[in-house]
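Okay, thanks for coming, everyone. Let me put the structure up and then walk you through what's inside and where the chains meet.

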Amino acid sequence: MADTARNTRVVGGWSRPSGGSHRSGTAPRSSGTLLWALPPVAALALFFLYPLALVVQQSFQPDSGGTSLQPYTDVFASDAFRHALWTTVWLAAASTVGCLVLGFLLALVIAFVPFPGAKAVSRFIDVFLSFPSFLITLSLLFIYGSVGMANGAWTDLTGAASGPFQFLTTPWGVLLAEVTYFTPFVMRPLLAAFSQLDTAQLEAASSLGARAPRIVRQVILPEALPALAAGGSLVLVLCLNEFGIVLFTGAKGVTTLPMLVYSKAILESDYPGACVVAVVNVLISVGLYSLYRVVSRRAGA
Amino acid sequence: MGIRFDSVTVAYDGNVVLDSLDLTVEPGEVMALLGPSGSGKTTALRAVAGFVRPVSGRVLLGGRDVTDLPPYQRGIGMVVQQYALFPHMRVDENVAFGLKARRTAKSETRQRVAQALEMTGMAAYARRHPRELSGGQQQRVAIARALAIRPDVLLLDEPLSALDAQLRSGMLAELARLHRELPDVSMLYVTHDQVEALTLADRIAVMDKARLQACGTPKELYRSPADEFTASFVGGANLVPVTVGRAGVSFAGAELKVDTSGVLAGARATLCVRPHLVGLGEGPNRLVGTVTEIQWRGATHRLYVEVDGHSVMADLRELKDPPSLGDVVALHFASDDAVLLPAGVSHG
């Protein structure tokens, strides 16, 4: 019996094109191809790398003049920065976990529970992805804000001066808004992965005696892991850098790194300090992204 | 444990895909559901597994009505064309899946996994992942996984269709051996391949257009098919329209001697002769026609001869000096090799 595996299936729908790495190296590269590469590289350098370099440069130039690490030591020593760093990290982590759990459950229902309109819901998620993030926050304000619908109904009914829903200006409000807005970013890759899943596997599991929870845990979840990792890391990085949602909830006590950059640069005119925070923010994002690449490559995704 | 279909009808959106199936599979019997695609054979199997719900009728397993039971409570082993192994689990974990779902004790699980892998000849591959195995090996694992839960009923849905021809005959022998080793397990074997059905099945149920057309032992269906569809689908057949006379039938102006007992003289009927029972040259029951096609198949030649507007096939042991296209040749067949069927589509 021949031992060649003829039926390798792409788990979860993610694969790297196998022929991709063969192209370079063998064919001699002509100057023509280099010429083609020039415009995008130049544009990238001019519009992306140069401003980034300016930010890094500025972060080493305190207002007192010269080049030193003074802005860094100042910022790192401040309570505001440490607090913002902690708030940013835990909010991003909690939002990511929330998005993964909620996104996985919703995607499961849309993909595997046949109900009329599942296709329409799936399509709406694509549209949702194109919405600006502050729109969601705005709609939450309309519902749960201090003068929003929920509180309005409460004050009308009870005659009280203020309603019970005051969480929107707390970190929990930001968390709710971020989970609401970013969950579709997890669902999109998940739905793609689920559509690749062989229903015969689910049927085989079922006839072997497994009920739905076991099938989800042992058959669906392992095959969805690459998609969860992809969606989760995307959401994590987006949450770390989220600005609009935090701004629009009007949560005064919630200062994340992007908010700190904004307040230092615009309100305090402390440009070196703002640049330091920005550099830290960029480093965290890039660091997490590299970590994700290493982990996902090791997982064979 | 036997399987009984009691007037089982399955429809999707009013479109009937299985029409009032009545069929009984005896305990320990291998029943092949044979038919072209869209004949309803897979639907029948899925109704036993519990993946489709009949709109009417009952499905019984060992006398117990399981029509309303979910798949996981039916205790059925199932093997499908594309193996459906869990890709992230090793071979032994795949085989243990059903036992774990049933909360079988660990020591017994280990023992039964080993036993099932032994039985399918896959013991050496227990620590591999499915992607490291060939198609035939993956299908053995799928069979081991289905057998590990010790089902009384094994459902096989085109299990060999994804394998190449050589592997297929090997696996067919393996399945026959498994059946001998597990004489109490009833098997429902869905296939469109008549060779698989003839080789493996105790009885064959021929399906077409959502209906059961015929049911019988392979020999009965092959030697004396009841209708044109069964005759041509099981084994292939020459079907020519004839008029029944007193001691034979007339076709293309020739009188052919065949057994006409039970058929009224003057009636229209279909004469069925297997291609390999047709001889070249002069003989009794002679048909004369023009050669329109010659296929060399190694051990045999297949001739297509047009006799009075009807194509007659003859499978002949490799000819030293085959006729050419357009030659007029005589064919013949023995009287007891022909069967008369009720007139059907071959009458146009």
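**The cores and the contact**

So, in this predicted model, the largest nonpolar core has 145 residues, and the ones that touch the most other members are Leu190(A), Ala32(B), Leu33(B), Leu188(B) and Tyr189(B). By nonpolar core I mean buried Ala, Val, Leu, Ile, Met, Phe, Trp, Tyr and Cys residues joined through C-beta atoms within 7 Å; buried means 20 or more other C-beta atoms within 10 Å of a residue's own, with C-betas placed from the backbone. Helix H8 of chain A, residues 171-196, gives the most to this core, 14 residues; helices here are DSSP runs of H or I, at least four residues, and strands are E runs of at least two, numbered from the N terminus. Chain B's domain 1 (3-228) and domain 2 (237-347) each supply at least three residues to this core, with bounds from an automatic or database assignment.

Apart from that there's another core, of 14 residues, including Leu257(A) and Val261(A).

Now, the contact between the chains: 27 residues come from chain B and 26 residues from chain A, where contact means backbone-placed C-beta atoms within 7 Å. On chain B's side, strand S6 (76-80), helix H2 (91-101) and helix H4 (135-148) each give two or more residues. H4(B) has the largest share, four residues.

Quick housekeeping: residues count from 1 along each chain as its sequence is written, and chains are lettered from A and ligands numbered from 1 in the order written. Local features need pLDDT of at least 70 and side-chain atom pairs 80 or more, while totals for chains, interfaces and linings use all residues.

Methods
Contact = placed C-beta atoms within 7 Å. Buried ≥ 20, exposed ≤ 12 C-beta atoms within 10 Å, placed from the backbone.
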